Amino acid sequence: EIYPECEEILSWYCRNMDLADTDWISIDVVRSSAHMLSDAGKIMGYSAVAADLPVPAAVQRSVAKLLDLELGRATLDPAKQNRSRPKGVLPTEMVALACQGKDKQDLLAAELQRQWQQRSLDLIKSLLERLEPVDGVVLMGGCALNVAANQFIQDSLKMEVFVPPAPSDCGISV
């Protein structure tokens, strides 16, 4: 089962997939920021369940589509930048895959984690190419709460990666 606070939401979307008439589904869900803040951690945790399984092309494609939209500004390549992004949308294909059951949900989480790690690493490498040699990297912001991605980046760069004790926006003033 997916975590309880979203099970009802996904069930509603699965029952109403026939209402989707575009490549994107608007997910108009009002949740507290405490719940939203925990989503990334839950995806990171669920991703471990399917981390070593083969990932179908449809899963890879739907995750790439979502991250292309979400991370449009997180690139130094102007051709890939997406300056405007609708809030609260998911690829219809991704929701349809999630509706197929827990196995597909685990694969979506694992692929989301894998692509997030790789895109983060690629962005950091492109920034490092523009700098003088450095001894390490400091990660800040909510993204730095992803421990698996941080370890992947450190292992891949073969240099120290430092994450402050409270890297998210909540700890910036500390």
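Start at the end of helix α6: just after it, Lys158 takes a positive phi of about 55 degrees. Keep in mind throughout that this is a predicted model.

**Stop 1: Lys158.** Stay on this residue. Lys158 sits in the loop between α6 and β4. Its phi is positive although Lys158 is not a glycine. Most residues other than glycine have a negative phi. Is Lys158 buried or exposed? Its relative accessible area is 72%, over the 50% cut-off, so Lys158 is exposed.

**Stop 2: helix α6.** Now select residues 147-157, which make up α6. Colour Ala149, Asn150, Ile153 and Leu157: these are the buried residues of the helix. Look down the axis of α6. The buried residues fall within an arc of 100 degrees, so they line one face of the helix. An α-helix has 3.6 residues a turn, so residues three or four places apart point the same way. What covers the buried residues of α6? The cover includes α5 (102-128), β3 (136-138) and β4 (160-162).

**Stop 3: the surface patch.** Select Val138, Met140 and Phe162. Together they form a nonpolar patch on the surface, with about 300 Å² of accessible area. Zoom in on Met140, in the loop between β3 and α6. With 44% relative accessibility, Met140 counts as partly exposed.

**Stop 4: the largest nonpolar core.** This core has 16 residues. Which of them touch the most other members? Show Val59, Val63, Leu67, Met94, Leu108 and Trp116. Then display the helices: α3 (57-70), α4 and α5 each supply at least two residues of the core. The biggest contribution is from α5, with 5 residues.

Pick Leu108 and list its contacts. Leaving aside neighbours within four places in sequence, Leu108 is in contact with Val59, Ser62, Val63, Met94, Leu97 and Ala98.

**Stop 5: Thr92.** Finish on helix α4, residues 92-98, where Thr92 lies. Is Thr92 buried or exposed? At 13% relative accessibility, under the 20% cut-off, Thr92 counts as buried. Show what surrounds this residue. Setting aside neighbours within four places in sequence, Thr92 is in contact with Met17, Ala20, Thr22, Asp23, Trp24 and Ile25.

Terms used
Residues are numbered from 1 along each chain as its sequence is written. This is a predicted model: local features need pLDDT of at least 70, side-chain atom pairs count only at pLDDT 80 or more; totals for chains, interfaces and linings use all residues. Side-chain values use heavy atoms; hydrogens and water are left out. Helices (H or I, at least four residues) and strands (E, at least two) are DSSP runs, numbered from the N terminus. Buried means under 20% relative accessible area, exposed over 50%, partly exposed in between (1.4 Å probe, protein chains only). Contact means heavy atoms within 4.5 Å. The arc is that of the directions from the helix axis to the C-beta atoms. A nonpolar core is a set of buried Ala, Val, Leu, Ile, Met, Phe, Trp, Tyr and Cys residues joined through side-chain atoms within 4.5 Å. Patches are made of residues with over 30% relative accessible area and no salt bridge: like charges are joined within 9 Å, nonpolar side chains (Val, Leu, Ile, Met, Phe, Trp, Tyr) within 5 Å. Accessible areas come from the Shrake-Rupley method with a 1.4 Å probe; for residues, only the protein chains shown count as cover. A salt bridge is a side-chain nitrogen of Lys or Arg within 4 Å of a carboxyl oxygen of Asp or Glu.
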